[in-house]
Amino acid sequence: QRLAELARDNGASLFMVLQAALAALLTRLGAGHDIPIGSPIAGRTDDAMEDLVGCFMNTLVLRTDTTGDPTFTQLLDRARETALKAYEHQDLPFERLVEVLDPTRSMGRNPLFQVMLALQNNTQPALALPGLTVAEQPVGGDSAKFDLSLAVAERHHGNDSSPGGLVGTLEYNADVFEPATAAALAGRLVRLLGQVAAEPDTPLARLEVLTEDERRQVLTAWNDTAADDPGTTVVAAFEAQAARTPDAVAVVTESTALTYAELDARTNRLARHLVGLGVAPDRPVALSLPRTAEMVVAQLAVLKSGAAYLPVDPALPADRVRLMLDDAAPVLLLTELAIAAGLPRTEVPTVALDDPEVDAALAALDDRPLADAERAAPLHGSRLAYLLFTSGSTGRPKGVMVEHRSLMNLLRSTRERFPLEAHDRLLAVTTWSFDISGLEVYLPLLSGAGLVVGAEGIALDPAALAASLDRDGITIMQATPALWQELVLHRPESVRGLRVLIGGEAVPPALADALAAGAAEVTNLYGPTETTIWSTAAALTGDGVVTLGRPIRNTRAYVLDDALRPVPPGVAGELYLAGAGLARGYLDRPGLTATRFLACPYEPGERMYRTGDLARWTPDGHLAYLGRADTQIKIRGFRVEPGEIEAALT
């Protein structure tokens, strides 16, 4: 009755109300803002044949514009205008319309629309739709004609013309929808109709399409990841491990093997040297070093000094290196003589670790752990740990600032998920300037295991990589799908018994199954640099299913629509991440930080990061990756903004 009154008050028909409501629901469920809905309609009467055949049935396609977040009343006005204009041309056969428009055709899909809506009332003859009836029993017929077909009829009280309710049938294409999804969609439509009947001036974005249980599920139950935060730093955790296992092998390279005691002593000496050179808290020290033990020593030493480090890959183009150093303004640049000769000229003071004078100065320093009073500043969780540059959409790389507490939250989570023992060996194959190298370095060193640093170029040589896996007794390795694909193709035996960590880009199901067939375990990891390396994890078991899994400890994931409202399970939305892993923001880019790190509507006082990735919740609470919401691409796991390519070309 309220829906009928709403129609009358707005000069519309009940069908127009249903059309607007269905369009509003489809928009809220991710179908976009241009919603075409087909509708059967009684066409003109042929006078000569009136007594024999009456009228013929035709199909109109009604496009509903839902842009601008209109109120339902405003949307109803749009639906009415569209319908009235369409009725003026109702005699044009649908087949003729398709012939003239000539859309791209598919034998398995109806052209122009995939959703049908029909209303039967006391002023309209019964509509005979093939395979579709208005009934309370399942629809007959061998197959659905459209993705969704909604047929609604008015009930009346005997001879009384007052409405007694609506009864409808929803038919769905089983190749497109699960039964539970279709049933949920029907329930959402009924819920939405109730809301617009009660408050027709509600904007579309505020119409609630979730049940209370669903809302609690996607916001709370599937984000129940809270865990204690002891508040320690990477430095304290490493020094505690070195004290427990001083004689265990910590780092292995082609030419070097360092025990935990030796690594600790070398990092302490270099940290003291850096303090003497004037490093400062939250100011980066740039590191441009080869794939040797020196890079591991340098990273830990910078952290011990109280400063943050900035990895600079010597293989990067000179212009990009210059941009990074100009933006970051590091206190120092730690490098080697041969690398320094190839770097662009800057005002940054350079320290070559293989300079004999530097080596002599380090040898004279105390190798005991530094006290807080000896550092540039006391260490705590909110201190900056590292600065990493990622590709920028404006053509200029942007620096992401990550704090100790964010890095430690990631490391605690991965240590819980991948507990390592003294015999374990992790092979590090990632370039130092890629954020996932941080996990490769610190996961073994905080667990008492061994870090094996892969040689330069090993990630491009499957034979050399397979040889290292065998020779060095590797038990766990992290890499992008592109690298794992090369191993599976050329050296499938090399993954046998390995603990496989895979991430950085979408994982093809065939690759996941191939890895699961031989590896000890396979874990898919997901996370942008801005949320500290990895934010979700999923076990891949070889069943052809690949998801992003669930959030790690102290991390929350939200799949939201354009109005930052949660979407139901199974519905696509943009993925937002919140919790302990969030970076401080972008270096000297407050405007960009504000657009990507937003106030979280579901945790007062906290922020959430807009990933730009599209995802949906599966019915069992895992995240399924659906692609990008923007133009960003991934090449071998590296984020690349086309804007940066355009800037280079121009």
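**Salt bridges and buried residues**

Visitor: Why does Arg80 count as buried?

Guide: Arg80 has 15% relative accessibility. Buried means under 20% relative accessible area, exposed means over 50%, and partly exposed is in between (1.4 Å probe, protein chains only). Arg80 therefore counts as buried. Accessible areas come from the Shrake-Rupley method, and for residues only the protein chains shown count as cover. A word on the source: this is a predicted model, where local features need pLDDT of at least 70, side-chain atom pairs count only at pLDDT 80 or more, and totals for chains, interfaces and linings use all residues. Residues are numbered from 1 along each chain as its sequence is written, and side-chain values use heavy atoms, with hydrogens and water left out.

Visitor: What makes Glu81 and Arg80 a salt bridge?

Guide: The N to O distance between their side chains is 3.4 Å. A salt bridge is a side-chain nitrogen of Lys or Arg within 4 Å of a carboxyl oxygen of Asp or Glu, so the pair qualifies. Glu81 itself, at 38% relative accessibility, counts as partly exposed.

Visitor: Why do such side chains pair at all?

Guide: Side chains of opposite charge can pair when their charged atoms come close. In the whole structure, a search finds 32 salt bridges.

Visitor: Where in the chain do Arg553 and Glu416 sit?

Guide: The two meet in a salt bridge at 3.4 Å, N to O. This pair links distant parts of the chain, 137 residues apart: Arg553 is in the loop between strand E20 (550–551) and strand E21 (555–560), and Glu416 is in helix H14 (residues 404–417). Helices (H or I, at least four residues) and strands (E, at least two) are DSSP runs, numbered from the N terminus. At 10% relative accessibility Arg553 counts as buried, whereas Glu416, at 53%, is exposed.

Visitor: What does the salt bridge of Arg628 and Asp613 tie together?

Guide: Their closest N and O atoms are 2.7 Å apart. Arg628 lies in strand E26 (residues 623–628) and Asp613 in strand E25 (residues 607–617), so the bridge ties together parts 15 residues apart in sequence. Asp613, with 9% relative accessibility, counts as buried. Elsewhere, salt bridges that share partners join Asp282, Glu403, Arg405 and Arg584 into one network.

Visitor: How do you know what span to expect for helix H10?

Guide: The expected span is 1.5 Å times one less than the number of residues. Helix H10 (residues 293–305) has 13 residues and reaches 18 Å from its first C-alpha to its last, close to the 18 Å expected.

Visitor: What makes H10 mostly covered?

Guide: In H10, 12 of the 13 residues are buried, among them Met295, Gln299 and Lys304. Just after the helix, Gly306 takes a positive phi of about 100°.

Visitor: Is Thr593 buried or exposed, and why?

Guide: Thr593 has 14% relative accessibility, so Thr593 counts as buried. Thr593 lies in helix H19 (residues 590–596). Leaving aside neighbours within four places in sequence, Thr593 is in contact (heavy atoms within 4.5 Å) with Gly585 and Tyr586.

Visitor: How many of the protein's residues are buried?

Guide: Buried residues make up 52% of the 650 residues. The secondary structure comes to 20 helices and 28 strands, and the C-alpha trace spans about 110 × 50 × 50 Å along its principal axes.
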